[in-house]
Amino acid sequence: MVKSFLGDSDPAWIEEAIWHPEKSRWEWVIHPEVAEGLLDAEGTIGIHGSDDGTNRVVSGKVRVKVPLYGGRVEGWIVEGIERAYDEEAARLAEWLTTDRRPLQT
């Protein structure tokens with residue numbers, strides 16, 4: 001089914017993000033390189049202090065314009081984003097608990 005929309009190409013995109021330090025927020029947008037008209041994705045990533053550290057809040061929209069299967073694909077994309085951010089948060093937490101002194105030359 002996907003091949004009929006993408007052809008022989010693999011999904012590919014460029015994520016553009018702009019940091020707004022005064023708002024502690026990124027604005028992001030996805031620019032598909034394959035089947036450009038089928039995906040619309042954009043949103044924000046905010047950094048907010050909390051009692052137990054810092055929270056990163058990702059919000060936005062992911063819209064796949066494919067009849068019958070678009071909603072399912074949107075769900076897969078969102079799940080993939082959530083997994084990637086969870087893994088990134090775990091790696092960052094691990095890095096923060098290790099000795100991060102620069103190497104001596």
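This is a predicted model: local features need pLDDT of at least 70, side-chain atom pairs count only at pLDDT 80 or more; totals for chains, interfaces and linings use all residues.
Side-chain values use heavy atoms, with hydrogens and water left out.

The second largest pocket holds about 410 Å³ of space, and of its 15 lining residues Thr54, Asn55, Arg56, Ala89 and Leu92 are the closest to its centre. A pocket is here an open set of points on a 1 Å grid over the protein atoms alone, where a 1.4 Å probe fits, with protein on both sides within 12 Å along at least five of seven lines, and lining residues have an atom within 4 Å of a point; the volume is the space filled by probe spheres set on the points, which are joined across faces, edges and corners. At least two lining residues come from each of β3 (39–50), β4 (53–64) and α2 (70–96), helices being DSSP runs of H or I with at least four residues and strands runs of E with at least two, numbered from the N terminus.

Strands β1 (residues 13–20) and β2 (residues 25–32) pair in the antiparallel sense over eight bridges, where pairing requires at least two DSSP bridges between two strands. Ala17 has Trp28 in β2 as its bridge partner, and Ser24, in the hairpin of β1 and β2, takes a positive phi near 50°. β2 also pairs with β3 in the antiparallel sense, over five bridges, with Trp26 opposite Ile45 in β3.

Terms used. Residues are numbered from 1 along each chain as its sequence is written.
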